[in-house]
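Reader: Let's go through this model together. I'll ask, you answer.

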Amino acid sequence: MLHLPTVISISLLLNVLIGGFFFTVYKYKKQPCYLYLGGSCMIFVVSQILACLRIVLDSPFITHYLADMCIIISPILALIGLQKVTNLTRNTNRHFLTLVIASAIVLLPIYAITAGQLVTSLVIATLFIYGAYLVYKMKCVAPMQQKILSGCFISHSLIMYIQVFMLAAPLVSNSATDYSLWLQAILVSHIILATATALVLPFLLFVNIEENLQRLVNHDVLTGLLNRRGFFMQGEKLLKQGVAYQQSFSVVMIDIDYFKSVNDKYGHSTGDTAIKWIAQHIMAQLNDNDIAARIGGEEFALLLPDQSLNQAQVTAQKLCDAIRGHSLRFKGNTINLSVSVGISSSYDANASIKTLLDQADKHLYIAKAKGRDQVVISDQQTDHVANGVM
Ligand SMILES: Nc1nc2c(ncn2[C@@H]2O[C@H](COP(=O)(O)OP(=O)(O)OP(=O)(O)O)[C@@H](O)[C@H]2O)c(=O)[nH]1
């Protein structure tokens, strides 16, 4: 059996450090989730200290009632923090407050007897199940840590339900089984699991924040497609893989025709909607491995791995036809749009995204000059032989 005072001391120290860390992050980021998570750690520390005072203080109101209330409030604060992180908009704060008040009232007459501990265990076991659900709902890039955290919540909940059973057994039957050793083991597990949860949580949060930042840096906010930077990053990666498998590659550049007049006639917000509408049409034409980006105001680029120039031309033509064949209906207006497309293709190991994009842009320029709403795949048929790009 682990030495209880040592377990408690380590747990107190770790929770103070993690709580302090969350408070410091809150000071700089001003996001309430950190305040709740830090508060949860600190309240857990207070609950442990109050419970430990039982050895020296004969005041069950402080050492049992207040300790139990802190044990209930600590996971509630963690869950509110988690809800804010997972952006679950459901307003459960009122339910949590009701739970705290109900627990405070129910515990008042029974805190000094076993029933008080039983009620406390029952409440936090149920809260941990909700915690496991929140972690499961989290969109997370660290699946192993996510599983560990759910595991902590689920095992914590199970242990608390076992405790409920052991505490209830002597009350409802005449069984004389002595569970005191088991209950001590449960107490140790409770402290270890609460501390493990507090340790894994910051890691999970910061990996997610890092991922979200990466997403913001590489994606266009309006359409959700990659931005120019993201296109170059993912494009170069795909290009290298394709070269290894001797695939051909096509790069497609798309520009909305006469877009300035859409803005001028219908306003900028309608223009934004038109850009999103075009992005949806583009997405509808893509295969799993293709990538699409908004690389300029009304300019898009696609990278079609394993598509020859002619295959890419068919894809692009379908896109042109789809856009021409539908109308955007927005704020009572019916807007007809079209796009011009330039394509380049490569089978050359030395080709880069930039070379392909420049070539596609040249073809796009020709498509515009030839009257728009069309696909152009080459300028002079001879220019591809020299550099492997056409
Ligand atoms: N609504 C909106 N407009 C944008 C955005 N980015 C760029 N634009 C507008 O897109 C228009 C691009 O116009 P131009 O480059 O002159 O080209 P165009 O009118 O589309 O004509 P062609 O390309 O020659 O067919 C400009 O009026 C920009 O203000 C955006 O994010 N939202």
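Reader: What stands opposite valine 341 in E7?
Author: Valine 375 does. This is a predicted model, so local features need pLDDT of at least 70 and side-chain atom pairs count only at pLDDT 80 or more, while totals for chains, interfaces and linings use all residues. Residues are numbered from 1 along each chain as its sequence is written, and side-chain values use heavy atoms, with hydrogens and water left out.

Reader: In which sense do E6 and E7 pair?
Author: Parallel, over 2 bridges. Strand E7 covers residues 375-376. Strands (E, at least two residues) and helices (H or I, at least four) are DSSP runs, numbered from the N terminus. Two strands pair if DSSP finds at least two bridges between them.

Reader: And how many bridges join E1 to E6?
Author: There are 8, and those two strands run antiparallel. E1 is residues 249-256. Isoleucine 254 has valine 341 of E6 as its bridge partner.

Reader: Is E6 buried or exposed?
Author: Buried. 8 of the 8 residues of E6 (residues 339-346) are buried, so the strand is largely enclosed by the rest of the structure. Buried means under 20% relative accessible area, exposed over 50%, and partly exposed in between (1.4 Å probe, protein chains only).

Reader: Which residues point which way from E6?
Author: Val339, Val341, Ile343 and Ser345 point one way. Ser340, Gly342, Ser344 and Ser346 point the other way.

Reader: What is the strand order in the sheet?
Author: E2-E3-E1-E6-E7. It is an open sheet of 5 strands with mixed pairing. The edge strands are E2 (291-296) and E7, each pairing on one side only.

Reader: Which helix packs on that sheet?
Author: H12, residues 353-369. H12 touches E1, E2, E3 (299-305), E6 and E7, and its direction makes about 145° with that of E6. Contact here means heavy atoms within 4.5 Å.

Reader: Now the loops. Where is aspartate 290?
Author: In the loop between H10 and E2. At 9% relative accessibility, aspartate 290 counts as buried.

Reader: What is aspartate 290 in contact with?
Author: Leu303, Leu304, Pro305 and Gln307, leaving aside neighbours within four places in sequence. Aspartate 306 is 16 residues away from aspartate 290 in sequence and 9.2 Å away in space, C-alpha to C-alpha.

Reader: What about phi at tyrosine 258?
Author: Positive, about 45°, although tyrosine 258 is not a glycine. Most residues other than glycine have a negative phi. Tyrosine 258 is in the loop between E1 and H9 (259-266). Its relative accessibility is 53%, so tyrosine 258 counts as exposed.

Reader: And which loop holds arginine 372?
Author: The one between H12 and E7. Arginine 372 also has a positive phi, about 75°. At 25% relative accessibility, arginine 372 counts as partly exposed.

Reader: Switching to helices. At what angle do H3 and H5 pack?
Author: About 10°, with the axes of H3 (residues 60-86) and H5 (residues 114-137) 10 Å apart. That makes H3 roughly parallel to H5. Axes are lines fitted to C-alpha atoms, for helices over the stretch in contact, and angles run from 0 to 180 degrees between N-to-C directions. Under 35 degrees counts as roughly parallel, over 145 as roughly antiparallel, 65 to 115 as roughly perpendicular and the rest as oblique.

Reader: Which residues make the contact of H3 with H5?
Author: On H3, they include Ile71, Ile72, Ile76 and Leu79. On H5, Val123, Ile124, Leu127 and Phe128 are among them.

Reader: What does H1 pack against?
Author: The buried residues of H1 pack against H2 (32-52) and H7 (180-218). Among those buried in H1 are Leu4, Ile8, Leu12 and Phe22. Just after H1, lysine 30 takes a positive phi of about 55°.

Reader: Last one: how many helices and strands are in the chain?
Author: 13 helices and 7 strands. Of its 390 residues, 47% count as buried.
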